[in-house]
Amino acid sequence: MAVIGICILVTSYLYFVAYPRNVQATWQLRISLMKGFQVYVQNERPTWQYGIAEAFDVVRSIDSADVYVSARVRSAYIHTLFHTAYPPREAQTVMRSLDLPASTVWIEDIPNVSFGPYHIRPGDGILDEAASNKGNVAIVTPEDVEGVQIEERFETIERIDYADGEPALYVLRSRDACF
C-alpha cells in the first residue's frame, strides 16, 4: 500500500514538473489515481491472498490427517509450499512426476497436485474429498462453500475475514467420514 501511495505521489509530482502551470490538473490526477486504486483494492481482494498465512498458522496448530487447499486461492501451490516449509527438492520431484504437456505455462492450470499431506484441489469437489476422512482439514474460499451445508460434515475451525467483515477464507475440519 505504501509503495503504491509513493508511486501516486511521484506520478503527480512528475506531472506537476512537466506542467507547472496546471496545478489543478495535478491534483485531479492525484485524486483520480487514488480513487482508482481504492476501487482496485476493493475489487481485487482475492488477488492479495488475504488470510492465507493465518490459515496455515491455524492448520499448524491443530492435528489433521490431510490438508486440502482450494485451487481458488490464488497461487495456492506456492503458498502451500512456502507456509509449510515443504522441501524444495521434494516439490521438484512431485512437479517432474506430473508429466505436464508442453503448453502448460502456469501451475494454476494444474488444480490436482499433492505435496505429501497437502493437496491442492479444484473448488468443485474439494469439500467431498476433504470430508472423506475424519480429521481432514480444508482451506477454502467463500465461493467453495456458497450454497453448501457445511455444518453437517465440517466444523469451522476459523473464519478469516477482510477488514470490512466479509469472509476471505475458511479453515474447516471434517467431522466424520462421508462417502
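The model is predicted, so local features need pLDDT of at least 70 and side-chain atom pairs count only at pLDDT 80 or more, while totals for chains, interfaces and linings use all residues. Residues are numbered from 1 along each chain as its sequence is written, and side-chain values use heavy atoms, leaving out hydrogens and water.

Select the six strands, which form an open, mixed sheet in the order 2-3-1-4-6-5. Strand 2 (113-115) and strand 5 (154-161) are the edges, each pairing on one side only. From one strand to the next, the twist averages 20°. Helices (H or I, at least four residues) and strands (E, at least two) are DSSP runs, numbered from the N terminus; two strands pair if DSSP finds at least two bridges between them.

**The hairpin.** Next, select strand 5 together with strand 6 (residues 167-174), which pair in the antiparallel sense over seven bridges. Five residues lie between the two strands of this hairpin, and G165 in the turn has a positive phi of about 95°. Show E155, which stands opposite R173 in strand 6. Then show E158, whose bridge partner in strand 6 is V171.

**Helix 3.** Move to helix 3 (residues 52-61) and color its buried residues, I52, A55, F56, V58 and V59. Seen down the helix 3 axis, these fall within an arc of 155°, so they line one face of the helix. The arc is that of the directions from the helix axis to the C-beta atoms. Buried means under 20% relative accessible area, exposed over 50%, and partly exposed in between (1.4 Å probe, protein chains only). The buried residues of helix 3 pack against strand 1, helix 4, strand 4 (137-140), strand 5 and strand 6; contact means heavy atoms within 4.5 Å.

**Helix 4 and L81.** Now select helix 4, which lies across strand 1 (67-70), strand 2 and strand 3 (118-121), running at about 170° to strand 3. Axes are lines fitted to C-alpha atoms, for helices over the stretch in contact, and angles run from 0 to 180 degrees between N-to-C directions. Within helix 4 (residues 76-83), pick L81. L81 counts as buried because its relative accessibility is 16%. Leaving aside residues up to four places away in sequence, L81 touches Y86, A91 and F115. F115 is 34 residues from L81 along the chain, with 7.9 Å between their C-alpha atoms.
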